[in-house]
Every structure is written in C-alpha cells, then in structure tokens.
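Hi,

Here is the structure I promised to pass on. Have a look at it first, and my notes follow below.

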Amino acid sequence: MRRFLIAGNWKMNCGPKETSTLLQGIEEEMNTLPKEVDGLVCPPTISLTTAADELQNIDGMALGAQNMHYEDNGAFTGEVSTTMLNEVNCEYVILGHSERRQYFGETDKTVNAKVNKALNDSLKPVICVGESLEQRKADEHVLRVKKQVQGALIGVEDEDADNIVIAYEPIWAIGTGETATPDQAQEMHKMIREVLAELYTEAADSVRILYGGSMKPHNAEELLEQPDVDGGLIGGASLKADSFTKIIKIAEQLSS
Ligand code: PEP
C-alpha cells in the first residue's frame with residue numbers, strides 16, 4: 001500500500017563536480033529505479049541544478065533540498081526560497097533535521113512555518129523528528145517525538161497530509177554507526193502513525209515514515225521489514241553509489 005521511499009541526505013558533501021560523479025555512479029548501477037521503490041537525493045543547495053540535470057538520466061529518482069526559508073524573498077542572507085527550489089525542479093525538502101535544530105537554532109515553531117510554506121508551494125516536506133540519548137535514557141523519547149510531530153503539523157489540513165513524509169531519526173544514531181534496533185524503530189514509527197491518526201481522518205495510513213540513523217546495506221533489511229517503516233533517510237551510505245543502490249535493491253526485494 002505504501003511505497004518505499006529511499007532518500008539520501010548528502011548534508012554538506014558534494015559540490016557540483018562531485019554531484020555529477022556520484023549521480024553518474026548511481027546511474028551506472030541503476031538507471032531506472034525498481035517500479036516498487038521511490039528514490040530521492042538531497043544534495044547541498046549549490047549542487048541542485050547539476051543534480052537536476054543528471055537526474056534526467058535516472059528514472060524514479062526525485063530531487064530534494066536540505067532546507068528552505070518560510071518567507072517568499074527578502075533580506076535573509078544565505079537562505080533559499082520555495083520559488084527557487086521549484087525553479088530547479090525540487091520535489092521534496094528536508095525540514096527540521098536534528099543538525100539544523102542543534103547548530104542553526106531551528107525550533108518546532110520554525111519547522112512548522114516551513115512545513116506549511118513548503119506544502120503551500122507544492123514541495124513535499126520530509127519532516128525530521130527524533131530524541132537525544134539523554135531523552136531516551138530518561139524515558140522521554142515518546143513524549144519528545146510526539147510533541148515534535150504535533151508541533152510540525154499545526155495548520156496542516158487533511159488534504160495536504162498525503163504530501164508529507166516523516167523521518168524518525170534518533171539523534172544518537174545519526175552518523176554514529178549505532179542504529180535503533182528494529183523493535184525500537186517499529187515502536188516509534190507506530191507511535192508516530194497513531195499521532196497522525198489522531199490528527200487526520202485518512203492520511204495516517206498513507207503517510208510514509210522513514211527511519212534515519214546509520215542505515216546501511218547490512219542493517220537495511222531488518223529495519224525496512226518493520227510494518228511501519230516505509231523507507232530510509234540515509235546520510236553516510238547515500239554518498240556511495242554502491243551502498244545507496246544496494247539499499248534500494250533491498251527495498252525492492254521486500255516489496256515483491
Ligand atoms: C541523516 O543525516 O539523516 C542520517 C541518518 O545520517 P547517517 O545515515 O549517516 O546516520
């Protein structure tokens with residue numbers, strides 16, 4: 001019912017030249033994605049135009065940005081608008097990644113403003129939520145993530161909910177090599193789906209909830225086979241054509 005979405009968050013890696021090389025590498029492994037799986041790459045802003053050109057050669061792989069501003073334009077040095085992202089064929093935008101919350105002062109409030117702006121301007125937000133290690137140890141992880149999901153979705157109506165993607169990313173698992181166990185991931189994804197069900201009449205079943213946090217080819221299968229895990233938001237392993245396409249192939253096998 002829900003198609004897998006395998007998404008690469010390239011973070012601050014790959015300028016235009018490396019973007020071409022990486023996407024050509026992906027194309028060599030896979031110039032058409034399996035029909036059961038949606039793909040997504042999110043390069044840095046400066047590489048979006050190059051990526052859009054290269055992606056014309058990879059069927060089924062969409063383009064996303066890693067951030068955007070909630071205003072249309074103006075005196076916001078260093079920022080990028082939805083109009084600009086639309087112009088370079090972005091379909092998705094990652095919002096509220098824990099690194100943006102931690103290093104760039106993003107809050108549930110700014111994430112919420114961006115989610116509404118993105119949806120209003122035809123971009124699909126990939127809304128990142130997740131708890132810190134301290135919050136998990138203090139048994140506050142469920143409450144924290146619940147609040148992040150509810151906070152991000154204020155003002156999002158039923159008809160728009162189908163266009164959102166949630167990424168559950170426990171902060172302690174991002175870039176650390178440590179992964180949530182399949183049970184831990186499923187527990188949180190199920191809880192997030194219950195929160196969605198309280199907010200929306202129909203969308204709860206169709207919204208894709210991705211897992212993020214050191215997903216690699218060796219652990220992707222056990223995570224993706226959980227009933228409420230609908231894909232992955234992948235950092236490190238998305239920077240190599242080989243490991244990224246391996247995860248896509250694992251998703252394909254689980255779909256058939
Ligand atoms: C991420 O940046 O969203 C992420 C999950 O990174 P990694 O896969 O490297 O842990």
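A crossover counts as right-handed if, with the strands pointing away from the viewer, the path from the first strand over the helix to the second runs clockwise. Helices (H or I, at least four residues) and strands (E, at least two) are DSSP runs, numbered from the N terminus. Please keep in mind that this is a predicted model, where local features need pLDDT of at least 70, side-chain atom pairs count only at pLDDT 80 or more, and totals for chains, interfaces and linings use all residues. Residues are numbered from 1 along each chain as its sequence is written, and side-chain values use heavy atoms, with hydrogens and water left out.

Now to strand β4. A right-handed β-α-β unit is made by β3, helix α3 (residues 82-87) and β4. Strand β3 (residues 61-65) pairs with β4 in the parallel sense over two bridges; two strands pair if DSSP finds at least two bridges between them. Here A65 stands opposite V93 in β4. Strand β5 (residues 124-129) also runs parallel to β4, joined to it by four bridges, and I94 stands opposite V126 in β5.

Which way do the side chains of β4 (residues 92-95) point? Y92 and I94 point one way, V93 and L95 the other, and all are buried (under 20% relative accessible area, with exposed over 50% and partly exposed in between; 1.4 Å probe, protein chains only). In a regular strand the side chains alternate between the two faces of the sheet.
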